[in-house]
Amino acid sequence: GSVAAHCMNKQVASELITMVDFAHTLPDGSSAPLPILVDDEGTPAEDAVLIKDGILRGYMNSRESAEHFGVKPQGNARAYAFSDEPLIRMRNTAILPGKDKLEDMIASIDDGYFLTETNNGQAEFMFGVCMGYEIKHGKLGRAIRDTTISGIAFDMLKTVDMLSDDMVWTCSGMCGKKQPMPVGMGGPAVKCKVNIGGR
């Protein structure tokens with residue numbers, strides 16, 4: 001049922017995009033925002049590389065789906081309570097940073113938006129934007145509010161042509177798949193094309 005079901009080893013994003021679901025330790029050796037050492041099926045947690053240089057290289061799996069695909073489970077089955085079924089879900093998912101400076105990214109945009117805070121969203125995808133700014137001729141302009149972005153993730157990721165060289169993490173996200181579950185999310189600033197609407 002996934003939009004990625006038939007995309008393994010195919011280009012799904014710009015070659016700038018590498019996306020990893022980290023288990024417990026980040027590349028710099030620090031702890032992930034939501035460290036998972038063992039999942040709720042008892043699988044030792046390892047990093048799951050999902051997209052590498054724009055190519056889909058892996059999925060998040062449970063023991064059952066890993067057996068189906070003939071791959072090693074990496075600890076992505078998590079349950080809210082001991083009586084709940086462990087479901088495949090993210091832990092600490094991030095696009096890795098690039099080499100661009102945020103100020104250069106903003107300066108490269110003639111007419112666009114710098115979106116800084118989102119709220120609830122759903123896959124394939126629609127997100128509310130609670131904070132952002134217009135960009136006019138490479139300069140930040142007026143603040144915007146009550147805005148929504150939407151689109152198809154792979155289509156959006158293929159338009160990425162700049163990634164900032166820094167990274168911001170948050171542990172305030174929730175996965176709402178049948179059971180509420182905290183997740184960590186992170187990444188750099190991303191320059192891309194996306195549908196936007198609102199005031």
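Reply: A nonpolar core is a set of buried Ala, Val, Leu, Ile, Met, Phe, Trp, Tyr and Cys residues joined through side-chain atoms within 4.5 Å. Buried means under 20% relative accessible area, exposed means over 50%, and partly exposed lies in between, with a 1.4 Å probe and protein chains only. This is a predicted model: local features need pLDDT of at least 70, side-chain atom pairs count only at pLDDT 80 or more, and totals for chains, interfaces and linings use all residues. Residues are numbered from 1 along each chain as its sequence is written, and side-chain values use heavy atoms, with hydrogens and water left out.

Now the core. The largest one has 20 residues. Those touching the most other members are Val 12, Ile 17, Ile 51, Leu 56, Ile 95, Phe 154 and Leu 157. Two elements give two or more residues to this core: strand S2 (48-52) and helix H3 (153-157). Here helices (H or I, at least four residues) and strands (E, at least two) are DSSP runs, numbered from the N terminus.

Val 12 shows the packing in detail. Contact means heavy atoms within 4.5 Å. Leaving out residues up to four places away in sequence, Val 12 touches Cys 7, Ile 51, Gly 54, Leu 56, Phe 154, Leu 157 and Lys 158. A second, separate core has five residues, including Val 20, Phe 22, Ala 32 and Ala 94. In soluble globular proteins, nonpolar side chains tend to be buried together.

Thr 18 is worth a look next. It sits in the segment before strand S1 (19-22). Thr 18 is buried, at a relative accessible area of 10%. Beyond its neighbours within four places in sequence, Thr 18 contacts Ile 51, Lys 52, Asp 53, Ala 94, Ile 95 and Leu 96. Ile 51 and Ile 95 are on the list of core residues that touch the most other members. The side chain of Thr 18 also reaches the backbone nitrogen of Asp 53, at 3.1 Å. That is a polar contact: a pair of N or O atoms within 3.5 Å, where within protein one must be able to donate a hydrogen and the other to accept it, and residues adjacent in sequence count only if both atoms are side-chain atoms.

Aromatic rings come next. The structure holds three aromatic pairs. Rings of Phe, Tyr and Trp (its six-membered ring) pair if their centres lie within 6.5 Å; planes under 30 degrees apart count as stacked, over 60 as edge-to-face and the rest as tilted. Tyr 59 and Phe 69 form a tilted pair, 5.3 Å centre to centre, with 45° between the planes. Tyr 59 lies in the loop between strand S3 (55-56) and helix H1 (63-69), and Phe 69 lies in helix H1, so the pair ties together parts ten residues apart in sequence. Tyr 59 is buried at 18%, whereas Phe 69 is partly exposed at 46%. Phe 125 and Phe 127 make another tilted pair, 6.1 Å centre to centre and 45° between the planes. Phe 125 is buried at 9%. Phe 127 is partly exposed at 31%.

On to Lys 136, in strand S8. Lys 136 is partly exposed, at 38% relative accessibility. Setting aside neighbours within four places in sequence, its contacts are Asp 110 and Asp 111. Side chain to side chain, Lys 136 makes a polar contact with Asp 111 at 2.8 Å. Lys 136 and Ala 107 are 29 residues apart in sequence and 9.1 Å apart in space, C-alpha to C-alpha.

Two backbone angles deserve a check. Most residues other than glycine have a negative phi, and most peptide bonds are trans. His 137 has a positive phi of about 55° although it is not a glycine. His 137 is in the loop between strand S8 (126-136) and strand S9 (139-144), and is exposed at 65%. Lys 178 has a positive phi of about 65°, again without being a glycine. Its loop runs between strand S12 (168-175) and strand S13 (181-187). Lys 178 is exposed at 75%.

Finally, the whole chain. It has three helices and 15 strands. Buried residues make up 37% of its 199 residues. Among contacts between residues at least 6 apart in sequence, 64% join residues at least 24 apart. The C-alpha atoms fill a box of roughly 55 × 35 × 30 Å along the principal axes.
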